[in-house]
Amino acid sequence: MADIAAVPLTPTSPPHGTLARAERFVWLTARVLEQRLFAHHFRDGAAGPVETALEAYRNADGGYGHALEPALRGPASLPAHTARALHVLDSVARCDARRAEDVCRYLTSVSTTEGALTAIRPEAALPAVRPAGSGDAAVRLPGALSATAPVVGLLHRNEVWHPWLFRATDFCWQAVESLDAARPGDVVAAVLFLDHAPDRARAEAAAERLGHLVRRERLVVLDPDAPGARPAASTAPGSVPGHTPGDRRFPHDYARTPDSLARAWFTDAETERSLDVLAAGQQADGGWPARRLPGAPEPAPAALLEARPIATIEALRTLAAYGRSLA
């Protein structure tokens, strides 16, 4: 997958344009890490400050915690936090073998015997605030494709090799090739793996099968104008504004860049309509809504506040990757 283009703001950027509004939102609401990421992607900022900000979330066991993934609170290292850390390092081209060594050691320590990473029950993990290193065995699930595939894909993308990665790769192949009635989140994770798996012929064949599955099982919204199709921020009584309920997925959710294997699943017209929906998702404050984890309770205000700048930066990067104007 090609790097998503940076689109620096300039002194002549329209003050009410997409990027300028998003910038104001980020500076007003984001953590230091997301502020540094925004500066790197859209203001020609250096990668070093991003790494420095990310270091604050790293634990002695080589994993990451401290609510790096905003939906999961508490200091303990969890695979989901570590997956986000790798995503950050990859996005600034700093996910090399030296930096990944400690991460892989941690992943080895928390994976199943088959090399898979476990998911976390949101209802158990969200309210938990446990001392670092206290473990999370009580809330672990069996090895999950959704937890394992994005990590494995990012490591392959950066040509990192580690003994754990061989077992984890085998797990991903078996899980991806046996998907028959997948959830959207599993397919998104599978694409992140297939886009970077070393065996390209096998990856292309698996992706083609998945594309048929997505369309057959209607795991994607192809007609944004259909009733209830567009993702709208929750306005139910007692809900927290600024998140997207449910698990609706559009073509851009699967094919985050034009050269993703998932891009072949959709026509040009379907992709353009999907990007229109993404662009229209920018809210009045300049940010995009954060996606709510399926089955999870309403997010706490602090978690939502931290998640929305992440969603905003990712939305901007996807639009830029497809050549959409951010003016």
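Which residues does Phe193 touch, not counting residues up to four places away in sequence? They are Ala149, Val152, Gly153, His156, Thr169, Cys172, Trp173 and Val176, where contact means heavy atoms within 4.5 Å.

This is a predicted model, in which local features need pLDDT of at least 70, side-chain atom pairs count only at pLDDT 80 or more, and totals for chains, interfaces and linings use all residues. Residues are numbered from 1 along each chain as its sequence is written, and side-chain values use heavy atoms, with hydrogens and water left out.

**Chain and core**

The protein chain has 13 helices and 4 strands; these are DSSP runs numbered from the N terminus, helices being H or I of at least four residues and strands E of at least two. Of its 327 residues, 53% are buried, that is, under 20% relative accessible area with a 1.4 Å probe, protein chains only. Among contacts between residues at least 6 apart in sequence, 67% join residues at least 24 apart.

The largest nonpolar core has 83 residues. Such a core is a set of buried Ala, Val, Leu, Ile, Met, Phe, Trp, Tyr and Cys residues joined through side-chain atoms within 4.5 Å. Phe193 is among the residues with the most contacts inside this core, as are Leu33, Leu155, Trp164, Leu194, Tyr254 and Trp265. Helix 8 gives the core its largest share, 8 residues.

**Helix 8 and helix 10**

Helix 8 (residues 163-177) packs against helix 10 (residues 200-216) at an angle of about 35°, with the axes 10 Å apart. Axes are lines fitted to C-alpha atoms over the stretch in contact, and angles run from 0 to 180 degrees between N-to-C directions. From helix 8, Trp173, Val176 and Glu177 meet Arg202, Ala203, Ala206, Arg209 and Leu210 of helix 10. The residues of this contact divide into 5 nonpolar, no polar and 3 charged; Ala, Val, Leu, Ile, Met, Phe, Trp, Tyr, Cys and Pro count as nonpolar, Asp, Glu, Lys and Arg as charged, and the others, Gly among them, as polar.

| Residue | Relative accessible area |
|---|---|
| Glu34 | 2%, buried |
| Ser274 | 1%, buried |

Glu34 lies in helix 2 (residues 32-42). Not counting residues up to four places away in sequence, Glu34 touches Val26, Pro309, Ile310 and Ile313.

Ser274 belongs to helix 12 (residues 268-280). With the same exclusion of residues up to four places away in sequence, Ser274 touches Phe250, Pro251 and His252. Asp253 is 21 residues from Ser274 in sequence and 8.8 Å from it in space, C-alpha to C-alpha.

Methods: Buried < 20%, exposed > 50% of the residue type's maximum accessible area, 1.4 Å probe, protein only.
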